[in-house]
Every structure is written in C-alpha cells, then in structure tokens.
Amino acid sequence: DWTMGAYRAEAVERIRAHVGDGRVICGLSGGVDSAVAAVLIHEAIGDRLTCVFVDHGLLRQGEAEEVVTMFRDAYNIPLIHADEAERFLSALDGVTDPEEKRKTIGRLFIDVFDMHAKSVGQVEFLGQGTLYPDVIESVSVTGGPSVTIKSHHNVGGLPEKMGLKLVEPLRELFKDEVRALGRELGLPERFIGRHPFPGPGLAIRCPGGITPEKLEILRRADAIYLDQIRRHGLYDEIWQAFVVLLPVRSVGVMGDGRSYDYVCALRAVTSVDGMTADYYPFSHDFLSETAGRIIGEVRGINRVTYDITSKPPGTIEWE
Ligand code: XMP
C-alpha cells in the first residue's frame with residue numbers, strides 16, 4: 001500500500017534527519033525536478049532553505065515571472081531572483097561557436113550561483129533535483145558516447161567548489177514518479193507537464209551571434225508556436241517544441257513592398273528519453289496557420305521552415 005503521500009512524509013523525515021539545523025541552498029532551473037526538490041526541502045526545514053533562480057536572460061517569454069511568482073506567492077519560499085541577463089549577454093557578445101556558448105554560460109552560471117549562495121551565509125548544504133537515471137548515468141562508464149557531442153550545462157563540480165554537502169531527495173525516483181510527487185505537493189499541472197528546456201536556453205536556439213534584438217524576435221515567434229500547439233491540443237503528445245531563429249535573411253513581399261527579414265525553423269519531436277527522437281508529423285493546415293501567424297505577428301521574420309530531421313542523424317537542439 002505504497003502511496004506518494006507516504007513517500008512524501010518519509011522523504012521529509014529523511015531530509016530533517018540529514019540536514020539537522022543546517023541551512024540549504026537550492027538552484028531553481030524552471031524545470032520540474034529542481035522545483036519538486038525545493039518544495040520538498042522547504043516542507044522539511046522551512047525558511048532555512050533559500051532558493052536561487054539564475055535568470056541568464058535566455059529564457060522563454062514569461063518563464064522567469066512564472067517561476068518566481070509560483071515560488072514566492074504560492075509557496076512562500078525564500079527566493080533570490082538573480083537577474084543577470086546583462087552579464088550573460090555581454091559575455092556572449094560575438095560568440096558564435098556552439099561549444100564556446102555552452103562553456104561561457106556554464107562558467108558564469110556557477111560564478112553567479114556561488115556569489116548569491118555566499119550572500120545567504122552559513123550554508124552547509126546544496127539541494128539538487130538529481131533523479132535515479134542521473135545517478136546511474138554518472139556511474140556507468142560503458143556504452144556512453146566516446147566523443148562529446150555537446151557539453152551539457154549543469155552544476156557538476158559546484159558542491160566541491162563551494163564545500164557543500166548534497167541533499168538530493170529525488171535520487172531514487174524516475175521522472176514519472178517525480179511528476180506524481182509534484183502533484184502530491186500541489187504544483188500546478190501546467191508546470192508539471194512542461195517540456196524539458198536546456199540549461200543554455202535560447203542561446204543554443206539562436207545559431208550564430210546572439211543579440212537582444214534576435215532574442216526578442218525568437219521569444220515572440222516561440223510563444224506563438226507554443227500557443228498554436230496548445231490550442232490544437234498537441235502539447236502533451238510532443239516531447240519538445242521550439243523555434244530556432246536562423247542567422248539568415250531572405251527576401252519577401254509584404255503588402256506592396258519588399259521585405260528582407262530573418263528565417264526561422266520550427267522544431268517538434270517525439271521521444272521517450274531524448275536519446276533518439278522523431279520529428280512530429282504536423283498537418284499541413286497546422287503548419288500553414290502557424291507560419292501565417294508568425295509572419296503576420298512577428299516583425300523581423302518573413303519566412304518559416306519546418307525541420308523534418310530525426311535524431312539520429314540530427315540532434316534535438318540545433319547547437
Ligand atoms: P540534443 O540536442 O543533444 O538534446 O539531442 C537532448 C536533450 O537534452 C537537452 N539539452 C540540454 N539539457 N543542458 C540541459 O539541461 C544542456 O546543456 C542541454 N543541451 C541539450 C535538449 O533540450 C534535449 O531535451
């Protein structure tokens with residue numbers, strides 16, 4: 001008669017025993033795992049938990065507000081909203097190489113997190129939403145790719161650098177169990193069902209140089225695309241869907257004038273674990289309607305394409 005309610009109570013007890021009267025700091029990514037871990041830790045130790053949300057200025061439209069509002073208003077969890085867009089964007093200025101983008105973001109992320117953690121003072125523990133598959137993956141040395149396709153951005157190395165002990169209350173759970181626990185903890189359904197979002201954010205959906213103008217165009221197109229997917233009831237059938245703003249301009253006609261604007265690609269895939277993926281077979285009607293809306297509503301885009309590459313040989317993200 002194992003239930004999530006019982007698991008929740010047990011996990012809370014274990015956190016209390018582990019942390020004692022220490023302080024915990026927890027990074028929020030905007031994803032489900034870190035959110036569930038944070039809410040659980042807060043239930044266990046209350047305001048001895050401080051959360052840090054590093055806003056690198058590479059998030060989707062409305063995303064930072066959604067996370068901050070949920071934690072502050074709905075859960076009353078002490079939260080530092082580190083608005084560091086300028087720092088990240090100036091470090092990324094002129095950077096076009098995908099790996100260099102990832103490394104720049106990963107490095108700054110650790111610096112910023114560390115700085116805010118120090119400002120809290122007397123922190124002994126770092127809370128993380130590590131799942132069982134992450135635990136397995138980090139011990140398995142066989143069968144993994146022998147070349148680095150992309151250096152994933154995470155907070156590995158952070159605990160050593162900061163001299164912190166780890167609190168990882170989700171270490172024995174799979175993704176679907178974390179979602180069930182999130183429901184048990186009252187997280188909104190819309191949040192629980194969210195598609196994965198990569199740590200480097202929109203930087204890797206904007207091939208070539210990143211500018212605030214390009215990010216703004218990308219955010220608008222992306223919001224329309226997701227709105228279309230939700231309106232057509234397709235969100236839950238898709239693993240991930242997003243817009244990529246290409247560093248290419250093309251000529252078009254607008255009314256009786258000529259336009260010379262950016263091209264974007266729509267990406268949507270189905271997948272079980274992100275390791276392999278198939279492109280999503282949208283109807284032509286859906287694609288035409290969405291392209292029409294993006295070109296009509298977003299200044300700066302005059303051509304829309306659909307990416308029909310599966311993984312392999314493609315990857316899900318473009319960089
Ligand atoms: P790829 O593009 O390698 O992506 O097929 C596989 C999955 O991983 C996500 N992704 C990342 N997630 N940090 C993350 O947390 C990263 O640096 C990162 N890069 C890719 C991607 O969105 C997809 O779900």
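Helices (DSSP runs of H or I, at least four residues) and strands (DSSP runs of E, at least two residues) are numbered from the N terminus. The structure is a predicted model, in which local features need pLDDT of at least 70 and side-chain atom pairs count only at pLDDT 80 or more, while totals for chains, interfaces and linings use all residues. Residue numbers start from 1 along each chain as its sequence is written.

Pro 312 belongs to the segment after strand 9 (301-306). The bond from Lys 311 to Pro 312 is a cis peptide bond, with omega near -15 degrees. Pro 312 and Pro 313 are also joined by a cis peptide bond, whose omega is about 10 degrees. Most peptide bonds are trans, and most residues other than glycine have a negative phi.

## Domains

The domain assignment, automatic or taken from a database, divides the protein chain into domain 1 (4-192) and domain 2 (211-306). The C-alpha centres of domain 1 and domain 2 are 29 Å apart.

An open sheet is built from 5 strands in the order 3-2-1-4-5, with parallel pairing. Strand 3 (79-83) and strand 5 (165-167) are the edge strands, each pairing on one side only. From one strand to the next the twist averages 25 degrees. Two strands count as paired if DSSP finds at least two bridges between them. In general, strands of a sheet pair through backbone hydrogen bonds, either parallel or antiparallel.

Strand 4 (residues 125-127) and strand 5 run parallel and are joined by 3 bridges. Phe 125 has Lys 165 in strand 5 as its bridge partner. Helix 5 (residues 98-120) packs on the sheet and touches strand 1 (24-28), strand 2 (49-55) and strand 3, and its direction makes about 150 degrees with that of strand 2. Such contacts require C-beta atoms, placed from the backbone, to lie within 7 Å. Axes are lines fitted to C-alpha atoms, for helices over the stretch in contact, and angles run from 0 to 180 degrees between N-to-C directions.

## Helix 4 against helix 5

The axes of helix 4 (residues 85-92) and helix 5 come within 10 Å and cross at roughly 150 degrees. The crossing of helix 4 past helix 5 is right-handed. Helix 4 contributes Arg 87, Phe 88, Ala 91 and Leu 92 to the contact, and helix 5 contributes Lys 101, Thr 104, Ile 105 and Leu 108. By type, the contact residues are 5 nonpolar, 1 polar and 2 charged. A crossing is called right-handed if the near helix is turned clockwise from the far one by less than a right angle, and left-handed if anticlockwise.

Asn 76 is placed in the loop between helix 3 (63-74) and strand 3. Its phi is near 60 degrees, a positive value in a residue other than glycine.

Strand 6 (residues 240-254) and strand 7 (residues 257-270) run antiparallel and are joined by 12 bridges. Ala 241 stands opposite Ala 268 of strand 7. The two strands form a hairpin with 2 residues between them, and Gly 255 in the turn has a positive phi of about 60 degrees.

Strand 7 also runs parallel to strand 9, to which 5 bridges join it. Here Tyr 262 is opposite Ile 301 of strand 9. Strand 7 pairs with strand 8 (residues 278-279) in the antiparallel sense, over 2 bridges. In that pairing Thr 270 is opposite Asp 278 of strand 8.

## Around the ligand

There are 14 residues around the ligand, of which Pro 198, Gly 199, Thr 315, Ile 316 and Glu 317 come nearest. A residue is near a molecule or strand if its C-beta atom, placed from the backbone, lies within 6 Å of it. The shell is made of 4 nonpolar, 6 polar and 4 charged residues. Ala, Val, Leu, Ile, Met, Phe, Trp, Tyr, Cys and Pro count as nonpolar, Asp, Glu, Lys and Arg as charged, and the others, Gly among them, as polar.

Terms used. Two residues are in contact if their C-beta atoms, placed from the backbone, lie within 7 Å.
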